[in-house]
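This report describes a protein model for a reader who is new to structures. Please look through the sequence and the 3D view before reading on.

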Amino acid sequence: MTQSSPAPRPISPLEIGPVRVWSPVVLAPMAGVTDAPFRRLCREFGEQGLPGALRPAASSGHRGHEGGAPVPVKGVDAPAGLYVMEMVTSRALVEGNARTWEMVRPDPVERVRSIQLYGVDPAAMAKATEILVGRDLVDHLDLNFGCPVPKVTRKGGGAALPWKKDLFDDLVHAVVDAADRAGSRAGRDVPVTVKMRVGIDEEHVTFLDAARIAQRRGVAAIALHARTQVQHYSGHAHWERIARLKEAVSVPVLGNGDVFSGADAARMMAQTGCDAVVVGRGCQGRPWLFADIVSTLMGGPEFCDPDLREIAGIIERHARWVVADQGDEVRAMREMRKHIGWYLRGFAVGGSARHALSMVSSLDELHERLMSLDLDQPFPEAAEGPRGRAGGEKAPHLPDGWLDSPFLTEAERSQLRLAEDGADGG
C-alpha cells in the first residue's frame with residue numbers, strides 16, 4: 001500500500017539527449033531478470049500509474065501482442081520511465097556471440113530501447129557502440145560501472161573500473177565519440193549515460209571524480225547506486241552521497257538504492273534533489289511497483305497492491321510472454337521459476353505447493369498449480385519492503401595490484417583485451 005510521502009513533483013520531462021522521460025523512474029538492468037517480457041510488464045504497470053493526461057492513447061496491452069502481431073510504438077517519449085534491458089558484454093557483441101545478440105533483440109512494443117553495455121577495453125566498447133547504433137538497435141546506451149559481482153570486478157570491470165581514472169576516462173570518451181560518429185551517419189542522436197557505485201570501499205571512493213570525468217566527456221546523465229562495491233547489497237544506501245553528486249555536476253543525476261515503494265522514491269527525490277530514481281531488486285516479483293512509484297510521483301490514480309488471485313493472473317501473463325519470446329515452452333518455464341518464487345513471497349503457500357511450482361514445465365501445469373492455491377489472500381505485509389538477498393559486506397575481488405595506483409600500469413593495460421575473452425553476454 002502506498003505510504004505517506006512528499007507531494008508529487010511538478011510534471012515536466014527529464015531530458016536525456018532527445019529522450020524525454022515524463023515519469024522520473026528507471027528500471028535497472030538485472031542479469032537474468034530484465035528480459036523483454038519483464039520489461040514490458042513493468043512498463044505496462046508504470047503506464048497504469050500515470051495521470052490520465054499523460055497516459056498513452058492506447059497502452060501496449062491493447063496492441064495485440066497476446067494474440068497477434070505487436071504494433072511498434074518506439075519513439076523519443078518515455079511516458080512511464082525508462083526500462084533497461086540486461087547488461088551485455090561488448091566483446092561478445094562484437095564477436096557475434098549468439099546469446100548476446102538474442103539479448104539485444106528489441107521488444108517490438110518497446111517505447112525507448114535502452115541497452116546497458118559492459119566492458120573494460122575502450123576499443124571493444126567503441127566498436128560495440130557503433131554496431132548497436134549503426135543497426136538501429138538502441139535509443140539510449142548506459143555504461144555499467146556499478147556491478148559488484150566477482151566475475152566482473154576481478155577483471156577490473158563494473159564497480160572496480162572507476163578507480164583507474166585513465167581507463168574510465170578512455171572508456172567513456174571512446175563510447176561517447178563512437179555514439180556521436182555512428183549517430184551522425186544514421187541521422188540519429190543516441191545519448192550515453194553511466195551507472196556507478198560510490199567506490200570500491202570507504203578508502204577508495206571514486207564517484208565524484210568519475211562523475212566529473214563523465215560529464216566532461218559528454219554523458220547525458222549519471223546514475224549512482226549509493227553503496228560501495230564492498231557493501232554489495234548489504235546495509236543501507238547512503239542517499240546523502242546522491243545529494244553530493246547532484247551538487248557536483250550539472251547533468252541529470254539518477255538515484256539508486258533502497259527504493260521499495262512509491263513513498264521511498266518520493267523521499268529519495270525530496271532528500272537528494274535527484275532527477276529520477278532507479279529501481280532494481282525492489283521489483284523482483286513485484287512489477288506493479290512501477291504503478292506505485294509513477295502514481296506517487298506523478299499524482300496518478302490511487303495504488304493498492306494486488307491480491308493473490310490478481311497475482312496468479314499476472315504470473316500467467318508473464319509466462320505466456322516468456323514462452324512467446326523464447327519460442328520454447330520448457331526453456332521458458334525454467335526461466336519463470338525464479339520469478340514465481342518472488343511473486344509468491346509472503347503468501348500462505350505450503351512447502352509442497354511451492355516446490356511443485358518451482359518445477360513447472362508447461363503453461364497448463366502452471367495454471368493448474370496456481371488454481372490449486374488459496375487465491376483469496378490479500379497482499380501480505382511480509383512481502384513489502386526490501387527484496388533480494390542483501391547478505392553482508394564482501395571482500396572485493398580485484399585484479400592483482402589493482403589498488404596500488406589509480407592509474408593503469410603498462411602490464412594492466414596490455415591485459416585489457418584478455419579480460420573480455422570468453423565473455424558469455426552477461
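## Terms and source

Contact means that heavy atoms lie within 4.5 Å. With that cut-off, Ile222 touches Val194, Met196, Ala211, Ala214, Leu245, Val249, Val251, Pro252, Val253 and Leu254, when residues up to four places away in sequence are not counted.

The model is predicted: local features need pLDDT of at least 70, side-chain atom pairs count only at pLDDT 80 or more, and totals for chains, interfaces and linings use all residues. Residues are numbered from 1 along each chain as its sequence is written, and side-chain values use heavy atoms, with hydrogens and water left out.

## Overall make-up

The protein has 15 helices and 12 strands. Helices (H or I, at least four residues) and strands (E, at least two) are DSSP runs, numbered from the N terminus. Of its 426 residues, 57% count as buried. Buried means under 20% relative accessible area, exposed means over 50%, and partly exposed is in between (1.4 Å probe, protein chains only). Among contacts between residues at least 6 apart in sequence, 76% join residues at least 24 apart.

## Nonpolar cores

A nonpolar core is a set of buried Ala, Val, Leu, Ile, Met, Phe, Trp, Tyr and Cys residues joined through side-chain atoms within 4.5 Å. The largest such core has 83 residues, and Leu143 and Ile222 have the most contacts inside it. Helix H6 (residues 165-186) supplies the largest share of this core, eight residues. Another core, of 30 residues, lies apart from it and includes Ile314, Ala319, Val323 and Ala383.

In H10, 10 of 10 residues are buried. The cover over these buried residues includes strand E3 (25-27), H1, strand E5 (82-83), helix H9 (262-272) and strand E12 (276-279). Just after H10, Gly299 takes a positive phi of about 70°.

Ser295 lies in this helix, which spans residues 289-298. Is Ser295 buried or exposed? Ser295 has a relative accessible area of 8%, so it counts as buried. Its side chain reaches the backbone oxygen of Pro301 at 2.2 Å. Leaving aside neighbours within four places in sequence, Ser295 is in contact with Gly49, Gly300, Pro301 and Glu302.

## Two residues with positive phi

Most residues other than glycine have a negative phi. His232, in the loop between strand E10 (221-225) and helix H8 (239-248), has a positive phi near 60°. His232 is buried, with a relative accessible area of 12%.

Asp258 is found in the loop between strand E11 (253-256) and H9. Asp258 is not a glycine, yet its phi is positive, at about 65°. Its relative accessibility is 16%, so Asp258 counts as buried.

## The second largest pocket

On a 1 Å grid over the protein atoms alone, a pocket is an open set of points where a 1.4 Å probe fits, with protein on both sides within 12 Å along at least five of seven lines; lining residues have an atom within 4 Å of a point. The second largest pocket is lined by 13 residues, of which Asp35, Glu86, Arg99, Glu102 and Gln326 lie nearest its centre. Helices H1 (36-48), H3 (98-103), H11 (308-326) and H12 (329-343) each give two or more residues to this lining. H3 gives the most, with three residues.

Conventions. A polar contact is a pair of N or O atoms within 3.5 Å; within protein, one must be able to donate a hydrogen and the other to accept it, and residues adjacent in sequence count only if both atoms are side-chain atoms.
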